[in-house]
Amino acid sequence: MLPEGVRHLDPETAVFDAMLSGWERQQQSRFLRPETMAPRVRLIRRFAEFAGLYPWRWTPGEVEAFTADLVSGARPRAHSTIRGYQLTIRLFCEFITDPRYGWPTECEQRFGQVPAQICHEWNTVAHLSDVEGQPGRRALTYEEVQALFDAADARVEQIRSRGRKGSLAALRDAAILKTTYAYGLRRREVARLDLADFRLNSRAAGYGLFGSVQVRYGKASRGGPPKRRTVLTVPEMDWIVEVLNQWREEIRPLFSPAAHPAMWVTERRGRISINYLNEMFTRTRQDAGLDGVHDLHSLRHSYVTHLLEFGYPPLMVQQQVGHAYQSTTALYTSVSDEFRNRLLEQSLHDHPELWETAP
C-alpha cells in the first residue's frame with residue numbers, strides 16, 4: 001500500500017490513508033458490500049479526528065473517551081450502536097496489529113511506535129441481550145396496521161380532492177405498504193421486486209399470478225450473495241391479490257414504464273429507492289398518528305407475529321421470512337395478550353384436570 005522509494009511530505013497522513021486502503025481491500029477480499037465497508041472507514045476517520053492521534057498512538061483511553069462522548073449529551077447513542085462502533089474499532093486494530101500485514105514493523109521504523117489493540121473486554125459493551133433495539137419498538141396490532149393502510153388510502157383522496165398531482169404515486173405507496181406487510185418483506189426486498197418475481201402457486205390457483213413471490217435480494221450472510229426464498233400468499237392475507245392485480249393491470253401502466261422490469265416504478269420511470277420507502281413510511285405513520293419509534297421494518301415484525309397468531313407453525317413462519325434460525329424469528333415475535341389467553345383457554349379445555357386441581 002506504500003510505494004517504495006517515495007518520500008512523503010506528510011508521512012503520518014500517508015501511512016494512515018494506506019492503512020485504511022489496505023483494510024478496505026481486506027474487506028473486499030471477504031466479499032463484503034460497499035455499504036458495509038464505507039461506514040466503517042468513515043467511523044475510523046471520525047475516531048482518529050476525535051482522538052487527535054494516529055492509530056499507532058492510540059490507547060484504550062481514547063476509545064473510552066469516545067464512548068463517553070457518544071452516550072452523553074441530548075441524544076445519546078443506542079446500546080447496539082455503541083457496540084457496533086466499538087466492534088469496528090476493534091476490527092481495524094486487529095488488522096493493523098497483525099504482523100502478516102506489516103504495519104507494526106512499518107510504524108516502528110517510521111515513528112518509533114507500534115499500533116496496539118485498544119478494545120478489550122473491560123472497556124467495550126458486552127452482547128448480553130438478544131434484543132438490543134428500542135424498548136418501544138414492537139409489532140403493530142391489527143388496528144394499527146389498518147390505521148396505517150387507511151392513512152395511505154386517505155392520502156390518495158386528499159390529493160385528488162385538491163386537484164394536485166401525485167395521486168398515482170400515492171396509490172403506488174399504499175400498494176407498497178400493503179405488499180410489505182402481506183409478505184413480511186425487508187426494505188431492500190421490496191425495492192428490488194420485479195413483475196416477474198410474482199408467480200402462480202398450483203396449490204392456490206385462485207390467486208393467479210400472485211400465489212407467491214420469489215425474493216431474490218434477501219439479507220446476505222457475511223460475504224455471501226443475497227439469499228433467495230419463495231414467500232407463499234397465505235389465505236389470511238389474500239386481500240393483497242386484488243391490490244396487486246389493480247396495481248399491475250390499471251395503475252402501473254399509467255407510469256409509462258415501457259419495458260422496465262421493476263414492480264414499483266417512479267414518475268421518472270425508474271425503480272423506487274430504499275430512501276424513498278423510509279420517507280414514505282414516516283409520512284404515512286405521522287398521518288396515522290402512530291408512535292414515531294416504528295419504521296417500515298415494523299410491518300415485517302407484525303407479519304411474523306400475526307402469522308403465529310393465525311396458528312401457522314413456527315417453522316413455516318421462519319421459512320416465509322427467510323430466517324436461518326428459529327431463535328431469530330422468535331426475536332420478531334410479540335404475540336398479543338388475547339392470543340396468549342386463547343392458548344391458555346384451549347389448554348385448560350384440553351386438560352380440565354389442571355383447572356380442577358389448581359389451589
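Aromatic pairs come first: a search of the whole structure, which is a predicted model, finds 17 of them, where rings of Phe, Tyr and Trp (its six-membered ring) pair if their centres lie within 6.5 Å, and planes under 30 degrees apart count as stacked, over 60 as edge-to-face and the rest as tilted. Residues are numbered from 1 along each chain as its sequence is written, and side-chain values use heavy atoms, with hydrogens and water left out. Local features need pLDDT of at least 70, side-chain atom pairs count only at pLDDT 80 or more, and totals for chains, interfaces and linings use all residues.

Select Tyr183 and Phe198, an edge-to-face pair with 6.2 Å from centre to centre and 70 degrees between the planes. Tyr183 belongs to helix α7 (residues 167-183) and Phe198 to strand β1 (residues 198-199), so this pair ties together parts that are 15 residues apart in sequence; helices (H or I, at least four residues) and strands (E, at least two) are DSSP runs, numbered from the N terminus. Both Tyr183 and Phe198 are buried, meaning under 20% relative accessible area with a 1.4 Å probe and protein chains only.

Go next to Trp247 and Phe255, whose ring centres are 5.6 Å apart and whose planes stand at 55 degrees, so the pair is tilted; Trp247 and Phe255 are buried too.

Then select Trp23, Phe47, Phe50, Trp58, Phe66 and Phe92 together, which ring pairs link into a cluster.

Finally, display helix α12 (residues 314-321), where the buried residues are Val317, Gln318, Gln320 and Val321. Just after α12, Gly322 takes a positive phi of about 80 degrees.

Notes: Buried means under 20% relative accessible area, exposed over 50%, partly exposed in between (1.4 Å probe, protein chains only).
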